[in-house]
Amino acid sequence: MTQTANASSLPAPEVIVVDQKRVMCDGGGGALGHPRVWYDMGDADCVECGYCDRRFVLRGSKADPKA
């Protein structure tokens, strides 16, 4: 039997602090990245990319690691 970890318990590979709730991610690797996708946080303070798991965090929010 294989166990899978709870995704919310794993740390994001990269946290990017942003000033807007609408963000774009392309993996950041140029040709090694992924297709450009847009995310809207809505009522949340953060959103994770479905391709690369980068976490985008609204500056000054509870989710901001420097707040």
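Strand 1 and strand 5 pair in the parallel sense, over four bridges. Here strands are DSSP runs of E with at least two residues, numbered from the N terminus, and two strands pair if DSSP finds at least two bridges between them. One of those contacts to look at is Val18, whose bridge partner in strand 5 is Leu58.

Before I go on, a word on where this comes from. The model is predicted, so to speak for its limits: local features need pLDDT of at least 70, side-chain atom pairs count only at pLDDT 80 or more, and totals for chains, interfaces and linings use all residues. Residues are numbered from 1 along each chain as its sequence is written, and side-chain values use heavy atoms, with hydrogens and water left out.

Now, back to the sheet. Strand 5 (residues 55–58) also pairs with strand 4, this time in the antiparallel sense and over three bridges. Put together, three strands make an open sheet in the order 1-5-4, with mixed pairing. Strand 1 (15–18) and strand 4 (46–48) are the edges, each pairing on one side only. From one strand to the next the twist averages 20 degrees, with axes as lines fitted to C-alpha atoms and angles running from 0 to 180 degrees between N-to-C directions.

Strand 4 and strand 5 form a hairpin with six residues between them, and Asp53 in the turn has a positive phi of about 65 degrees.

What about the rest of the chain? Its secondary structure comes to zero helices and five strands; a helix would be a DSSP run of H or I with at least four residues. The remaining pair is strand 2 (residues 22–25) with strand 3, antiparallel over four bridges. Within it, Cys25 has Val37 of strand 3 as its bridge partner.

Let's turn to burial. I call a residue buried under 20% relative accessible area, exposed over 50%, and partly exposed in between, with a 1.4 Å probe and protein chains only. Buried residues make up 25% of the 67 residues in the chain.

The largest nonpolar core has ten residues: Val18, Val23, Cys25, Val37, Tyr39, Met41, Val47, Cys49, Phe56 and Leu58. Strand 2, strand 3 and strand 5 each supply at least two residues of this core. By nonpolar core I mean a set of buried Ala, Val, Leu, Ile, Met, Phe, Trp, Tyr and Cys residues joined through side-chain atoms within 4.5 Å. In soluble globular proteins, nonpolar side chains tend to be buried together.

Leaving aside neighbours within four places in sequence, Val47 is in contact (heavy atoms within 4.5 Å) with Val23, Tyr39, Met41, Arg54, Arg55 and Phe56.

Arg54 and Glu14 meet in one at 2.9 Å, N to O. Arg54 sits in the loop between strand 4 and strand 5 and Glu14 in the segment before strand 1, so the pair ties together parts 40 residues apart in sequence. Arg54 is buried at 14% relative accessible area, whereas Glu14 is partly exposed at 35%.

Asp19 and Arg59 meet in another, at 2.6 Å, N to O. Asp19 is in the loop between strand 1 and strand 2 and Arg59 in the segment after strand 5, so this pair also links parts that are 40 residues apart in sequence. Asp19 counts as exposed, at 58% relative accessibility.

Finally, Arg55 and Glu48 meet at 2.4 Å, N to O. Glu48 is partly exposed at 34% relative accessibility, and Arg55 is also the bridge partner of Glu48 in strand 5.

Methods
Salt bridge = Lys/Arg side-chain N within 4 Å of Asp/Glu carboxyl O.
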